[in-house]
Number of protein chains: 2
Amino acid sequence: MDLRSTILGLLSWQPFSGYDLKRIISQSDIFYWSGNNNQIYKSLIELQKSGLVNYEVQVQEGLPAKKVYSITEKGRQELRRSLLSTPELPDLRKGFLIQLAWADPLTDAEVLELLEQYEADIANLLQMHQAQARKPEERPERSPRERYLWERIMANITSTYQSELEWVRQTKQEIAGGSYRQKE
Amino acid sequence: MDLRSTILGLLSWQPFSGYDLKRIISQSDIFYWSGNNNQIYKSLIELQKSGLVNYEVQVQEGLPAKKVYSITEKGRQELRRSLLSTPELPDLRKGFLIQLAWADPLTDAEVLELLEQYEADIANLLQMHQAQARKPEERPERSPRERYLWERIMANITSTYQSELEWVRQTKQEIAGGSYRQKE
DNA sequence: TTGGCCATGTAATATGTTACATGATTCC
DNA sequence: GGAATCATGTAACATATTACATGGCCAA
């Protein structure tokens, strides 16, 4: 998924300003782009030039004016096409595994400290994700199926973090216990 | 982890040519850069200029000459520093979840087909990974702990794919059975 | 004779990230 | 007075991906 299709998806739910989109994307685990992603503004201009979205300026008192973007019929067609295209494979970038891969020169204590930090970080991510999952107002629910799909999406992320946690805990124990030494 | 540290890691195992590194990285699940990643050559030149690696030209008969790179003492220090830096958080980019997120306009049959394709693709990835995991000659084993760590790295990826498979199978069943309709 | 493997590299393009600029308002 | 929020955008930089160029060897 590229940013443009993701924006189209969000706008297929409801109209948003660039600022809204930026906030939603930066707070989300699903939409994996970094925070302060100002490319959003560029993408919106491109989408608008291609006629996939249009916007309306809303003047507010006391606050800066904003451009509220909506998806067009053409945009919906384009989105549909990208939804039906072959499913994307997950792209798992676990930098920590690369760190471990070359950890041979480190002492057991150093490796354990890394694992402990990693465990704490993942536990934290999981907590934040679950707090997010408890706010149903931040996701679409236009049909029972959509509601179900979003539950499954949240469950997917939860289970990914949980299996990561189990993995790191087991690894920690086995290193702390030195049990790898007997393993042949 | 960036490409440069990953290359340093590989060279801390044994000397390789750029072509070797490219092949290893493209075939690996751990080192997540894309295939035909020719930036490797640029990175090697940078690393060499910084004195972290050096190379030796090996002339071969019938085959083009190659530059075999080795890590320097300075390179090992730099690698050690990056290994001890705070663990990187996983970066999970599951484009398929974004596809599902906006699948409301699709029919149940269309969603099911996507899920089936995804299941087949993940099953395939898992198989390829396990075939890879069965080749112990393609990973370092300089100490019992290193051997253990690489087993755990492989196990991490396996379990990630397996939990993804379980997830998609459950989702498929619940959609096929229409059970989401009763869920409140 | 076509395609794949070996081997290194350049160039172009696409994408992602960070920093900067502006300016009013509100909360501490 | 300083920081955070709202709001849009540009510029610079970093990284990633794809295509292209070269050229000999080997196997189907």
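1. In this predicted model, a polar side-chain atom of Asn38(A) is placed 2.8 Å from a base oxygen of DNA strand D. Helix 2 (18-27) and strand 3 (66-71) of chain A are the elements that contribute two or more residues to the surface near this DNA strand, and helix 2 of chain A has the largest share, with three residues.

2. Sugar or phosphate accounts for 61% of the atoms of DNA strand D that are within 4 Å of the protein, the rest belonging to bases.

3. Taken as a whole, the surroundings of DNA strand D comprise 21 residues, of which the closest are Tyr19(A), Tyr41(A), Gln60(A), Lys67(A) and Asn36(B). Sorted by class, this surface consists of seven nonpolar, ten polar and four charged residues.

4. Turning to DNA strand C, one finds 20 residues around it, and the closest are Asn36(A), Tyr19(B), Tyr41(B), Gln60(B) and Lys67(B). Of the atoms of DNA strand C that come within 4 Å of the protein, 60% are from sugar and phosphate. The residues of the surface near DNA strand C divide into six nonpolar, ten polar and four charged.

5. Asn38(B) has a polar side-chain atom 2.8 Å from a base oxygen of DNA strand C, whereas Gln60(B) brings a polar side-chain atom to 2.7 Å from a phosphate oxygen of DNA strand C. From the other chain, Ser34(A) takes part through its backbone, with a polar atom 3.1 Å from a phosphate oxygen of DNA strand C.

6. As for the elements that face DNA strand C, helix 2 (18-27) and strand 3 (66-71) of chain B each provide at least two residues of the nearby surface, and helix 2 of chain B gives the most, namely three residues.

7. Which residue of chain B forms a salt bridge with Glu110(A)? The partner is Arg80(B), and the closest N and O atoms of the pair are 2.9 Å apart. This pair crosses between chains, running from helix 6 (residues 108-133) of chain A, which holds Glu110(A), to helix 4 (residues 73-84) of chain B, which holds Arg80(B). Side chains of opposite charge can pair when their charged atoms come close. Over all chains, the count of salt bridges comes to 26, a figure that rests on a cut-off of 4 Å between a side-chain nitrogen of Lys or Arg and a carboxyl oxygen of Asp or Glu.

8. Finally, a nonpolar patch on the surface of chain A is made up of Tyr55(A), Val57(A) and Val59(A), which together have about 310 Å² of accessible area. Among these residues, Val57(A) belongs to strand 2 (residues 53-58) of chain A.

How values were computed: Residues numbered from 1 in each chain as written. Chains lettered and ligands numbered in written order. Predicted model: local features only at pLDDT ≥ 70, side-chain atom pairs only at ≥ 80, totals over all residues. Heavy atoms only, no water. Patch = residues over 30% accessible without salt bridge, like charges linked within 9 Å, V, L, I, M, F, W, Y side chains within 5 Å. Areas by Shrake-Rupley, 256 points an atom, 1.4 Å probe, with all protein chains shown as cover. Helix = DSSP H or I, 4+ residues; strand = E, 2+ residues; numbered from the N terminus. Near = heavy atom within 4 Å. Polar contact = N/O pair within 3.5 Å; in protein donor to acceptor, adjacent residues only side chain to side chain. Nonpolar A, V, L, I, M, F, W, Y, C, P; charged D, E, K, R; others polar.
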